[in-house]
Amino acid sequence: MDLHVTKKNMSFNLEDYGIRVVDFIVQSIPLQSTYGNVEGRNGTIDYGATYGQRTIKVPFHMESTDLLDFPLLRDQLFGLIAGADSFYINERRKASYQPYKFETPGQEHVIPDDFKNVNVDGKRYLVRLKNVIELEQMIKHGSGELEFATTVLPFAESAGTTEDIDKNGIDPASGFWTGDMGIIPEMETVSYSPAMWSDVGFKKWSDI
């Protein structure tokens, strides 16, 4: 597994820095219900509910090259994740679980596609780090957990825009689109207009 991070000035995968993601745990969106009471009346009055802030937990492991490198890798992780600004995160997974692969002597080393981490379902979340990162160190190894909280809205957002559709169509292999997004495939319904959407494009909210 892996985590893709998109900031204003950079984007990266945690695995690029030797940080191995163990899981990507998405909490369901909590409901904030409002009730009222009337004296002499049984029960409560339901004034409805709104969605609250969603939490995403990402446990991870990392390994440094030697004992002196461990604090450098730790501080690099802090610099990458523990900022004040919100940023996007994408879940990345392998198609299948394969701990190893046998190769014959002299065979060219090729990593099969299902061994590689890829973006999952085209969804990303706008988040900020919620917890304090505490690393449990065992010699050159460290483990911890990143806990994110959604900012602005608790819904997932499609990483793709109508500009992407206009250029490449709705291609499932692109990692931008999935069937549960409810996108109508007729191109005239998703036509991109540079004059109207030049800065942000169209974002489709999904996964409530």
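**A pocket and its aromatic neighbours**

T6, K7, K8, N9, G83, A84, D85, S86, F87, Y88 and L126 line the second largest pocket. Keep in mind that this is a predicted model.

**Aromatic pairs**

- Searching the whole structure turns up four aromatic pairs.
- One of them is Y51 with F155: the ring centres are 5.6 Å apart and the planes sit at 85 degrees, so this pair is edge-to-face.
- Y51 belongs to strand 6 (residues 45-51), while F155 is in the loop between strand 11 (141-150) and strand 12 (156-158), so the pair ties together parts that are 104 residues apart in sequence.
- Y51 is partly exposed, at 40% relative accessible area, whereas F155 counts as buried, at 16%.
- F87 and F148 make another edge-to-face pair, with 6.0 Å from centre to centre and 90 degrees between the planes.
- That pair also links distant parts of the chain, since F87 is in strand 8 (residues 87-93) and F148 is in strand 11, 61 residues apart.
- Both partners are tucked away: F87 is buried at 2% relative accessibility, and F148 is buried at 0%.

**Charges over rings**

- K7 lies over the face of F87, 5.3 Å from the ring centre, and both K7 and F87 are among the residues lining the pocket.
- Y88, also in the pocket lining, has the charged end of R124 over its ring, 3.6 Å from the centre.

Technical notes
Residues are numbered from 1 along each chain as its sequence is written. This is a predicted model: local features need pLDDT of at least 70, side-chain atom pairs count only at pLDDT 80 or more; totals for chains, interfaces and linings use all residues. Side-chain values use heavy atoms; hydrogens and water are left out. On a 1 Å grid over the protein atoms alone, a cavity is a set of points where a 1.4 Å probe fits but cannot get out, and a pocket is an open set with protein on both sides within 12 Å along at least five of seven lines; lining residues have an atom within 4 Å of a point. Rings of Phe, Tyr and Trp (its six-membered ring) pair if their centres lie within 6.5 Å; planes under 30 degrees apart count as stacked, over 60 as edge-to-face and the rest as tilted. Helices (H or I, at least four residues) and strands (E, at least two) are DSSP runs, numbered from the N terminus. Buried means under 20% relative accessible area, exposed over 50%, partly exposed in between (1.4 Å probe, protein chains only). A charge sits over a ring if NZ of Lys or CZ of Arg is within 6 Å of the ring centre and within 35 degrees of the ring normal.
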